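Please read this briefing with the sequence and the model side by side. It goes through confidence, strands, cores and charged pairs in turn.

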Amino acid sequence: MTVRTIVSREQAAAGGRSQIEILAEEVRRRRKERGLSLEQLGTLAGVSRSMISKIERAEAVPSTTVLSRLAEALGVTFSRLMTPAVEREVLLIPASRQPVLRDEASGFLRRCLSPVLPGRGIDWVLNTLPPNGSTGEFVAHRRGVSEYIFVLKGRLRATVGERSIVVEEGDSLYFEADAGHAFANLGAEPCQYFLVIDASRAR
């Protein structure tokens, strides 16, 4: 079996567009596919109509919290809003083609590692939190969505609902993500951790 690269397909699909332009188009397209107005999506996501409008016009970079709310309201994973969908089963995604979103307010960096494949419910992300930084609270996912954490570097505090757990370098964490959750770097150096979101059992 030949392993193909995702570069040529995505370059053709993206047409040289920036990551923010791709995100704008995906949010707008998925909203319209669901027959939602800006107001309706805003109500579902808990995000203002004006903010969604700015995102769809590529005039605003959403925070990770806002983007997670939109993804949940649209019934998709974070990565699906960041990348045009592809169809191949065997893919190589070069580092230069992995979508990256930086939250300018917090310095939180998210790099999407998983391809976007129809019918798949797995989202694999490499997150980097700056010293003493926090992600802010992510909205609860639908019931059945699970998350897995592996800390590559540093110390991470995970808050899931009312529980707070310290995850050390090399530790892993699993939790059911149908409650609000947030992450904070407890150290004076950047904290890097893998995050896998499994929505395959969502209902």
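A residue is called buried when its relative accessible area is under 20%, exposed when it is over 50%, and partly exposed in between, using a 1.4 Å probe and protein chains only. By that rule Glu59 is exposed, because its relative accessible area is 52%. This is a predicted model, in which local features need pLDDT of at least 70, side-chain atom pairs count only at pLDDT 80 or more, and totals for chains, interfaces and linings use all residues. Residues are numbered from 1 along each chain as its sequence is written, and side-chain values use heavy atoms, with hydrogens and water left out.

**Confidence**

- The predictor's confidence in each residue is given as pLDDT, on a scale from 0 to 100.
- The protein has a mean pLDDT of 83, and 84% of its residues reach 70 or more.
- Helices (H or I, at least four residues) and strands (E, at least two) are DSSP runs, numbered from the N terminus.
- Over residues 1-15 pLDDT stays under 50, and the model has 33 contacts for them beyond four places in sequence; a contact means heavy atoms within 4.5 Å.
- Where pLDDT is low, the predicted coordinates should not be read in detail.

- Strand β5 covers residues 122-129, and six of its eight residues are buried, so the rest of the structure largely encloses it.
- Two strands pair if DSSP finds at least two bridges between them.
- Strand β4 (residues 109-112) runs antiparallel to β5 and is joined to it by four bridges; one of the bridge pairs is Cys112 with Val125 in β5.
- Strand β11 (residues 191-198) is also antiparallel to β5, with eight bridges between them; here Thr128 has Gln192 in β11 as its bridge partner.

**Nonpolar cores**

- A nonpolar core is a set of buried Ala, Val, Leu, Ile, Met, Phe, Trp, Tyr and Cys residues joined through side-chain atoms within 4.5 Å.
- The largest core has 21 residues, of which Leu41, Leu67, Leu70, Leu81 and Met82 touch the most other members.
- Two or more residues of this core come from each of α2 (19-33), α3 (38-45), α4 (49-56), α5 (64-74) and α6 (78-82), and α5 gives the largest share, six residues.
- Leaving out residues up to four places away in sequence, Leu70 touches Leu41, Ala45, Val47, Ile52, Ile55 and Leu81.
- Another core, of 19 residues, lies apart from the largest one and includes Ala158, Leu173, Ala177 and Cys191.

**Salt bridges**

- A salt bridge is a side-chain nitrogen of Lys or Arg within 4 Å of a carboxyl oxygen of Asp or Glu; by this rule there are nine.
- Arg29 and Glu26 form a salt bridge at 2.8 Å, N to O, and both belong to helix α2, three residues apart, about one turn of the helix.
- Glu26 counts as buried because its relative accessibility is 5%, whereas Arg29, at 31%, is partly exposed.
- Arg49 and Glu39 form a salt bridge with their closest N and O atoms 2.8 Å apart; this pair links distant parts of the chain, with Arg49 in helix α4 and Glu39 in helix α3, ten residues apart.
- Glu59 meets Arg57 in a salt bridge of 2.8 Å, N to O, and Arg57 is partly exposed at 46% relative accessibility.
- Salt bridges with shared partners join Glu26, Arg29, Arg30 and Glu33 into one network.
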